[in-house]
Amino acid sequence: MTRLPNSKIALTIIFLCALLLRVLTLDTHGFWIDEVASLDGASLGFPTFISGRFGYHANQPPLHYALVWLTSLMADPTTTTFVGRLPSALAGAFTVPVIYGLGKELFGKAQGIIAALLLAISTVHLNYSQDLRPYSLLVLLTTLSVYCLVRADRTDSPKWWAAFVLSMIGNALNSYVAMTFATPPILLFLAWVLWKKWRTRRETPGTFTPAVIATALVGVGLLVSGLDMLGAPRTSPDISRFALSSGLFSVPELLTWFTQFGLAGSLERLLQLTLFGIALVGLLAAVANPARTARRYEGAVICILFIVFPSLALSFFATSTAVFQRYALFVIVFYFLLISHGAVTLYNLLPVRASESATRAWRGVSILLGVAVLSAFILGAYNYFDPQQHQKVAFRPDFRTVASYLANKVRPHDTVIFLDDTGHGYTVTNFYWHNKPPTAIYDARDPLLFSHPLDGGDIYWVTTFSDLSALDRIAQPDLGWAEVASFELVRVLHEVHPTSTADSMSRIVDTLTTLLPDYQPVVTLQGCIQQGRGQIEAAAATYRRAGTFFPIGADYQRTAEGYSSLGNELFAWRDALLSKYLQPFRPELHRWLAAQLQQKHFDTESQAETEIANALEAEAAAR
C-alpha cells in the first residue's frame, strides 16, 4: 500500500524536473534553419499554408504550420524563441508521465519510473524538446497512442479507445513522419489486438465492436492525412538498393544515437555499449518465459516492433533521399523501456536461494552500475546546457547573436559574406534582420558575388564549420584579419579594404582545402571561385566532383520556384543558393539561375550559368 504514493511522488518530482529543464532555458539559443523554415511556411499565411504549400514546406502538414502561425502571433519570433518553442517543451515534459504509464503497463512500476527519469534528462530528447519543429510532439503522440491502445486492449473501455483514436489522428495531422515511421508499427499492433478481440468475441461480447469502430475512425483520419501527404511531389524509394541486412545492422546505430552525452569518444562508446547490453538483458528476460510473464513478453514484442521497423524504414527511404535519425525520435521511448527493464532484471538477477552476502554484493554492483549510467545522463544534460560544451551534443550555430553584432558593427558600404558548411547562415541571420540587412549581404555560392563592387568598404566573412579545428584555423591572424569575433560555432572575420573578393575568398578556401581536401562544401566553394573568375569548364568539372552533400537539392529548387511564383524573389534566390550548396552539379538548377539572372539583366553571369549547365549536361551524357 505504500508503494503507490511513493511512485506518485517520484513521478511528480521527475515530471517537474523535466518541465523546468525544458522551459527555463527555451530562449538560450536562437532558431536554426529548420525552425526558420517552419516560420517561413507559417508566414505564407492562411489558407496558403494549408492548400498552397510547395517545396520543403510540403514536408510538414497544415496543423504544424497552424500551430507555428498561432505562436508567432503571440510574440515576434525574432525577439524571443520562448513562445514558438513552448509547445515542444510542454510535449517533451508531458511525455514523461506517459512513458511511466506505458512502462508500468508493459513491465512494472519500477521500470516506468526508471524510463521516465532517463527520458527527463536525456540529452537528445532535451534537444528536440527545445525545437520549434514537430518531433517532440511526435514522441508524445506516438507514446500516447501505444499506451491508449494497450489500455484499451486490457480494459475494453470506450474511453481508452476514444483516446487512442484522438492521439492517432493528432499524430498523423502533426507530422508526415508519423505516417511513415510511427503509424505502420502501431497498425500492426492494432491488427494483433483486433485478432484477439475477434477470437474471444463470444466469451467477451461487446469488446470487438468498439475496437472495430475505433479502427474505422483511425482509418478515416489516416486517409485524410495520407491524401494530403501524397499531394506533394515526392521521390519514390529505390527498392533495388535496399537490403534487409543493412537495415537490421542500422538498429544499433540508431539506438546509440539516443544515448549521446558529449563525453570523450571511447568513454561515450563504452557507455552506449553498456546501455545496449542492459537493453538486451531486458529483452531476453521478458521473452524467456512468455507463459509466466505474458504482459512483459507482450511488452518486449511491442518494444522490438517499434525499434526494428523504424530502423528498416530509415534504411528503405535512404535509398532515394536524405533521411535523419530524428525522424524516428519516438523510438527513444521503447529503447529506454528495455533499458529500464534490463536494469530491474539485473538488480533482481540472483535467485531467492542465494546467500544474503552474495545478494548484497550483487545488488551493490548493480547500484554502482546504475549510478554510473545516471551520472552519464546527468552529465549529458549539463553539457547540453553549458555554452562551452553544447556543440558536442547539438550543432546549432548562434546566428542570432551574429545578427545583433553585425547590425551594430557594419557600415552601409561594407559587405557581409556567409561562407559556411551548413549553408544556412545567410537564411537565419537575414531572418533576424527581418530580411532587411544593414548592408549588402551574399552567400559565398552566389554567382553575383564577385561582380559586387567593394567601393573601398570592408568585408565581414561569417564562417561556420562542423570541423571545429578548420573553423579555428581560418580564423588565425596569419590570414590577415583585422578582427575576429567569436560566437558559438561561428567566427566573424573582419577584413579591411580588400582589393578583390575572389582573392580574399581564395585565401580562406585554400586553407580549408589543405585541411579538408575532399569535403563536399569546400569543393563546391572551389567551383564558385572558378566560376567567378570565368573558368567555366573547370567550375563545371569541380561542381561535378563535389557531388551531393544531401540529396535534397531538388526540394530547395522547387521551394525557390514556389517563392518566385509568389513574387518573393529574395526567398527564391536564397533557396536556390541552398540547392547549389547541397547539389551544385544539377544542370537544371544552373538553368534556373541563368533565367533569373537574365531577367535582372545580369547578362554575363547568366551566360556563365548557361555554359555551366551545358557542360554538366554534356559530361552526364558522355557517361
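**Helix packing and a strand hairpin in a predicted model**

Helix α8 passes helix α9 in a left-handed crossing (left-handed if the near helix is turned anticlockwise from the far one by less than a right angle, right-handed if clockwise). The model is predicted, with local features requiring pLDDT of at least 70 and side-chain atom pairs counted only at pLDDT 80 or more, while totals for chains, interfaces and linings use all residues. Residues are numbered from 1 along each chain as its sequence is written, and side-chain values use heavy atoms, without hydrogens and water.

Helices (H or I, at least four residues) and strands (E, at least two) are DSSP runs numbered from the N terminus. Residues 135-155 form α8 and residues 158-174 form α9; the two pack at about 155 degrees with axes 8 Å apart (axes are lines fitted to C-alpha atoms, for helices over the stretch in contact, and angles run from 0 to 180 degrees between N-to-C directions). α8 is therefore roughly antiparallel to α9 (angles over 145 degrees). The contact (heavy atoms within 4.5 Å) includes L137, L138 and L141 of α8 and W160, W161 and F164 of α9.

Helix α23 (residues 553-565) packs against helix α24 (residues 569-582) at about 170 degrees, with the axes 8 Å apart. This makes α23 roughly antiparallel to α24. Their crossing is left-handed. Among the residues that meet are Y556 and Y563 in α23 and F571 and L578 in α24.

Strands β4 (residues 483-487) and β5 (residues 490-495) run antiparallel and are joined by five bridges (pairing requires at least two DSSP bridges). A485 stands opposite V492 in β5. The hairpin has two residues between the strands, and L489 takes a positive phi near 65 degrees.

Technical notes
Angles under 35 degrees count as roughly parallel, over 145 as roughly antiparallel, 65 to 115 as roughly perpendicular and the rest as oblique.
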